[in-house]
Amino acid sequence: MTISVPDTDVAIIGAGVVGCAMARRFALEGARVVVIEAGTDILSGASKANSAILHTGFDAPPGSLELHCMQQAYDEYLSIRNEMNLPLLETGAMVAAWTAQEEERLPDLLAQAQENGVSDARLISRAEVLAREPHLAGDVRAALLVPREHVVDPWSAPLAYATQAQALGARFMFAAPLQSARRDGGTWHLATAAGELRARTVVNCAGLYGDHIEAMLTGASRFEIRPRKGQFVVFDKAASALLRTILLPVPSDRTKGIVLTRTAFGNLLVGPTAEEQEARDRPDVTRPELDALIARAGEMVPGLRDMPVTAVYAGLRPASERKEYRVHADADLGYYCAGGIRSTGLTASLGIARHVFDLWAQAYSASGPAVAAPPVVKVPNLAEHRPRDWQRPGHDGILCHCEMVTTREVEAALQSPLPPGDFGGLRRRTRCAMGRCQGFNCLARIASLCEGRLRAPMVSEDAP
């Protein structure tokens, strides 16, 4: 079955945050777009679990593509967040030194931040650290303050990107893993589990399977995905009163380390671990690592030792054998790759999309003109520091009392232009069943509302 027009400009493989941003960018530039997603909803792979931080790039490798994409995307996010109703929890961040060795590294981190254009970063003393964060353990020695590192809603932003892309004509195919591909002249013939399509070019945003997709399309992959698991612990909302600033460790060459931060949803989050593993589809949580996260959080903020844990979860980051992004192009083959996008992908996605489009535009042109006045897309607000739906009249009752999710919010998600395809997608769009009881009190009512309206059977899924 052929389900798309023969001259679709670009087929984007993967509907994670990079794929959603890519679809939006190409659609804004006038291209005809199809997005192929193996899962039953957007963000069903690596993008569903992350730290939800909007990074400045202060500690990125100077001169790197990662830094360029992060900073370009940071500016674009700020420019569109009001019109798309995207929350920004302005926290700032501190890279805290707890040992003499870590303190000795802070001037080098400051120099790197300045080289990267983050000119407002500065070193602060132990006294200023504790003045800013009085609940922090007293053995902290000093910190690098990065005022413009902030917290975002990690799911509403890519949903907004995808929804705007769809409003511009992009089509999304779900439950559509790529089964085969062949190049015939200037056209890709792609067979998926949900049907066949033809496209002039392909952009590989397949995340954890990016190397497999590249091998399928080009005969060999130029990189190897080595999944890196990150486990997280979510403390109860009462814990968020113990911290105002994102607390970062002094990073290593391998990982940005364990972060302690508030979330946009009013919780306090600690994680991730950085565990390399073979499996690409098993983000399991393990008790020893979770206990270690809880213990480390209690060492940094002693008040957390008495705080209950609301949820735990794990995600897999699509790391590769090298630290840098694996972005490359083969214009003659009509193939473009945005692979190896690790922990900074949420921040950098808009910049990656611009960069790949610029590469594409060197050899191809879109079927239509660039869009001068994009359709306005606004996503519902789920952030605790802004007005929520339950505070407005006519919401038809509160469905999830832990997260104060209304029946109107769930119905609106189910009837939206890009509705959830599975229960995880509904949770990410509304936060239903994500609170302290994890759905114990509301699942029956949610299941009733969702009956016959999701692409996948309703099953529970761990998430913050």
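**Stop one: a covered helix**

Start with helix H10, whose buried residues are covered by, among others, helix H5 (156-167), strand S22 (405-406), helix H9 (407-414) and helix H11 (443-450). Helices here (H or I, at least four residues) and strands (E, at least two) are DSSP runs numbered from the N terminus, and contact means heavy atoms within 4.5 Å. Now select 423-430, which is H10 itself: 8 of its 8 residues are buried. Buried is under 20% relative accessible area, exposed is over 50%, and partly exposed is in between (1.4 Å probe, protein chains only). The buried set includes Arg-427, Arg-428 and Arg-429.

A word on ground rules: this is a predicted model, where local features need pLDDT of at least 70 and side-chain atom pairs count only at pLDDT 80 or more, while totals for chains, interfaces and linings use all residues. Residues are numbered from 1 along each chain as its sequence is written, and side-chain values use heavy atoms, leaving out hydrogens and water.

**Stop two: the nonpolar cores**

Which residues touch the most other members of the largest nonpolar core? Select Met-22, Phe-26, Ile-42 and Ile-352, out of 81 residues in that core. (A nonpolar core is a set of buried Ala, Val, Leu, Ile, Met, Phe, Trp, Tyr and Cys residues joined through side-chain atoms within 4.5 Å.) Zoom in on Met-22: leaving aside residues up to four places away in sequence, Met-22 touches Ile-12, Val-203, Cys-205, Ala-338, Ile-352, Ala-353 and Val-356. Then pick Leu-136, Ala-239, Leu-260 and Val-301, which are among the 25 residues of a second, separate core.

Most residues other than glycine have a negative phi, and most peptide bonds are trans. Select Gly-271 and Pro-272, joined by a cis peptide bond with omega about -5 degrees. Pro-272 sits in the loop between strand S16 (268-271) and strand S17 (275-276).

Next comes Ala-175, with a positive phi near 50 degrees, in the loop between strand S9 (171-173) and strand S10 (178-184). Ala-175 is partly exposed at 35% relative accessible area. Finish with Gln-438, in the loop between H10 and H11: its phi is positive too, about 55 degrees, and at 24% relative accessibility Gln-438 counts as partly exposed.

**Last stop: zoom out**

Show the whole chain, with its 11 helices and 22 strands. Its C-alpha atoms fill a box of roughly 65 × 50 × 45 Å along the principal axes, and 56% of the 464 residues count as buried.
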